[in-house]
Amino acid sequence: MALVLVVLFWASVWPCLLGVLSVAAAATVWRLWHVDRLLRGTDRLRRQEEAVKAGRRTLAEVDLMTGTEFEELIAGLCRRDGCTEVRRVGGAGDNGADVLGRLPDGRTMVVQCKRYAPSRAIPNRELRDLLGAQVHFRADVAVFVTTSRFTGPSEKFALEHDILAVHRDLLGLWNHGATLVSLGEVNGRGQGDARHRARWKKAYGG
């Protein structure tokens, strides 16, 4: 019966039906747009929160990381600073490299990461190993990042061979917003004078 009535009065019914369908379609499109906007906003907030969290990470928290987590942290900081083709390669058979990539200016880099106790100092031999990795990977720039410090001779060795030596103090600056490229401007500095080293030993031992 209803079908018969629709057929008999089709001329009057179809505009109403078309209107209802148009309103339903518009409501569906609006709902999809609104959901997409909410998802994008949520994703943006999540990314912002992660960035803030990364900036507020303390060195004490870094000290508790595994070696792999530390390498991932360094890779993440490189990406944050505009480095490209960044990948973690640390592990067995890594040929002396933990992170590879390109600096924002296109130069290739090889990074060695050492999450050591703050009381431990980096000796020359570890920097020589990094030089070997630089040759092996044909990298333009070699970077050594550590949670500890460099001995006087190893720091001198780094400067003589154009290795960017990122010790604990510089790592703290990098973690809190300084760029990797800017650290090159203070390479070989920042480990402090005798008074600073005395405070370091009191705090960390060694």
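Helix α4 (residues 67–80) lies across β1, β2 (99–102), β3 and β5, and runs at about 175° to β1. Helices here are DSSP runs of H or I with at least four residues, strands are DSSP runs of E with at least two, and both are numbered from the N terminus. Axes are lines fitted to C-alpha atoms, for helices over the stretch in contact, and the angles run from 0 to 180 degrees between N-to-C directions. Contact, in this talk, means heavy atoms within 4.5 Å.

The model is predicted: local features need pLDDT of at least 70 and side-chain atom pairs count only at pLDDT 80 or more, whereas totals for chains, interfaces and linings use all residues. Residues are numbered from 1 along each chain as its sequence is written, and side-chain values use heavy atoms, with hydrogens and water left out.

The protein chain has nine helices and seven strands. Of its 206 residues, 33% count as buried, where buried means under 20% relative accessible area, exposed means over 50%, and partly exposed lies in between, for a 1.4 Å probe and protein chains only. Among contacts with a separation of 6 or more, residues 24 or more positions apart account for 55%.

Let me turn to the sheet. Five strands form an open sheet in the order β1-β2-β3-β5-β7, with mixed pairing. Two strands pair if DSSP finds at least two bridges between them. The edge strands are β1 (84–88) and β7, each of which pairs on one side only. On average, neighbouring strands of this sheet are turned by 15° against each other, direction ignored.

The bridge partner of A142 in β7 is I163, and V143 stands opposite L164. In a regular strand the side chains alternate between the two faces of the sheet. Helix α7 (168–175) lies across β5 and β7, running at about 85° to β7.

Next, the nonpolar cores. Such a core is a set of buried Ala, Val, Leu, Ile, Met, Phe, Trp, Tyr and Cys residues joined through side-chain atoms within 4.5 Å. The largest has 25 residues, and those with the most contacts inside it are I74, M109, V145, V166, W174 and L180. At least two residues each are supplied by α4, β3 (108–114), β5, β7, α7 and α8 (180–183). The largest share, six residues, comes from α4.

V145 illustrates the packing. Not counting residues up to four places away in sequence, V145 touches F70, I74, V111, Q112, C113, K114, V166, L171 and W174. A second, separate core of 17 residues includes Y116, A142, I163 and A165.

E71 lies in α4 and is buried, with a relative accessible area of 9%. Leaving aside neighbours within four places in sequence, E71 is in contact with R88, G90, D98, V99 and C113. R80 also lies in α4 but counts as partly exposed, at 39% relative accessibility. Beyond its neighbours within four places, R80 is in contact with W174, N175, G177, A178 and T179. The C-alpha atoms of R80 and T179 are separated by 8.5 Å, although these residues are 99 residues apart along the chain.

Finally, a helix pair. The axes of α5 (residues 124–137) and α6 come within 8 Å and cross at roughly 20°. The two helices are therefore roughly parallel to each other, a class for angles under 35 degrees; over 145 is roughly antiparallel, 65 to 115 roughly perpendicular, and the rest oblique. N124, L127, R128 and L131 in α5 meet P153, S154, F157 and A158 in α6. By class, this contact has five nonpolar, two polar and one charged residues.

T151 sits in the loop between β6 (149–150) and α6 (152–160). T151 is partly exposed, with a relative accessible area of 23%. Apart from neighbours within four places in sequence, T151 is in contact with A121 and I122. The C-alpha atoms of T151 and N124, 27 residues apart along the chain, are separated by 8.0 Å.

Conventions: Ala, Val, Leu, Ile, Met, Phe, Trp, Tyr, Cys and Pro count as nonpolar, Asp, Glu, Lys and Arg as charged, and the others, Gly among them, as polar.
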